[in-house]
Amino acid sequence: MAGLKVDILEKLGGIFEVKLTGPLDSETYYHFDYFLEEISISSTKAIVLDMEGVDYISSMGISSIFGLRKKAQENHFKLLMANLQPKVKKILDTVQALPPEAVFNSTKELIDSLPALLKNDEKIK
């Protein structure tokens with residue numbers, strides 16, 4: 001099985017885009033978790049998971065996303081997702097990995113919404 005590629009880009013101060021390519025499963029979840037440890041949580045305002053390249057997610061991948069969601073809640077930053085493939089979106093919707101208002105159809109839609117999301121007092125995690 002092919003591996004998972006993780007690219008992390010700091011877009012603006014404290015806003016990180018994490019672009020994933022490949023399966024997020026029992027063979028690759030640790031790679032995802034490892035790279036997320038490189039982000040300085042204390043200065044993070046938002047982590048955007050660009051899931052366009054993820055065509056498969058297993059229970060271990062879902063567990064990693066829930067772990068990141070918990071970290072977002074504990075450290076008061078937003079966790080957002082964009083570009084989900086239909087079958088991955090269906091799985092993540094079923095397990096309620098994130099609230100619907102934190103999931104976007106495209107990166108452009110998410111970027112257009114970001115200023116309001118960061119200003120909004122209601123936590124999206």
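A crossing of two helices is right-handed if the near helix is turned clockwise from the far one by less than a right angle. The legends below describe a predicted model.

**View 1. Helix α1 crosses helix α2.** Helix α1 spans residues 29-36, and helix α2 spans residues 59-75. Their axes come within 9 Å. They cross at roughly 20°. Angles under 35 degrees count as roughly parallel, so α1 and α2 are roughly parallel to each other. The crossing of α1 past α2 is right-handed.

**View 2. Residues where α1 meets α2.** From α1 come Y29, F32, D33 and L36. Facing them in α2 are M60, G61, S64, I65 and L68. Six residues of this contact are nonpolar, two are polar and one is charged.

View 3. Strand β1 covers residues 5-12, and strand β2 covers residues 15-21. The two run antiparallel and are joined by seven bridges. K5 has T21 in β2 as its bridge partner. Two residues lie between the strands. In this hairpin, G14 takes a positive phi near 85°.

View 4. Five strands line up in the order β1-β2-β3-β4-β5, with mixed pairing. β1 and β5 (103-104) are the edge strands, each pairing on one side only. α1 packs on this sheet and touches β1, β2 and β3. The direction of α1 makes about 25° with that of β1.

**View 5. The parallel pair β3 and β4.** Strand β3 (residues 46-53) pairs with strand β4 (residues 78-82) in the parallel sense. Five bridges link them. A46 has K78 in β4 as its bridge partner.

Key
Residues are numbered from 1 along each chain as its sequence is written. This is a predicted model: local features need pLDDT of at least 70, side-chain atom pairs count only at pLDDT 80 or more; totals for chains, interfaces and linings use all residues. Side-chain values use heavy atoms; hydrogens and water are left out. Axes are lines fitted to C-alpha atoms, for helices over the stretch in contact, and angles run from 0 to 180 degrees between N-to-C directions. Helices (H or I, at least four residues) and strands (E, at least two) are DSSP runs, numbered from the N terminus. Angles under 35 degrees count as roughly parallel, over 145 as roughly antiparallel, 65 to 115 as roughly perpendicular and the rest as oblique. Contact means heavy atoms within 4.5 Å. Ala, Val, Leu, Ile, Met, Phe, Trp, Tyr, Cys and Pro count as nonpolar, Asp, Glu, Lys and Arg as charged, and the others, Gly among them, as polar. Two strands pair if DSSP finds at least two bridges between them.
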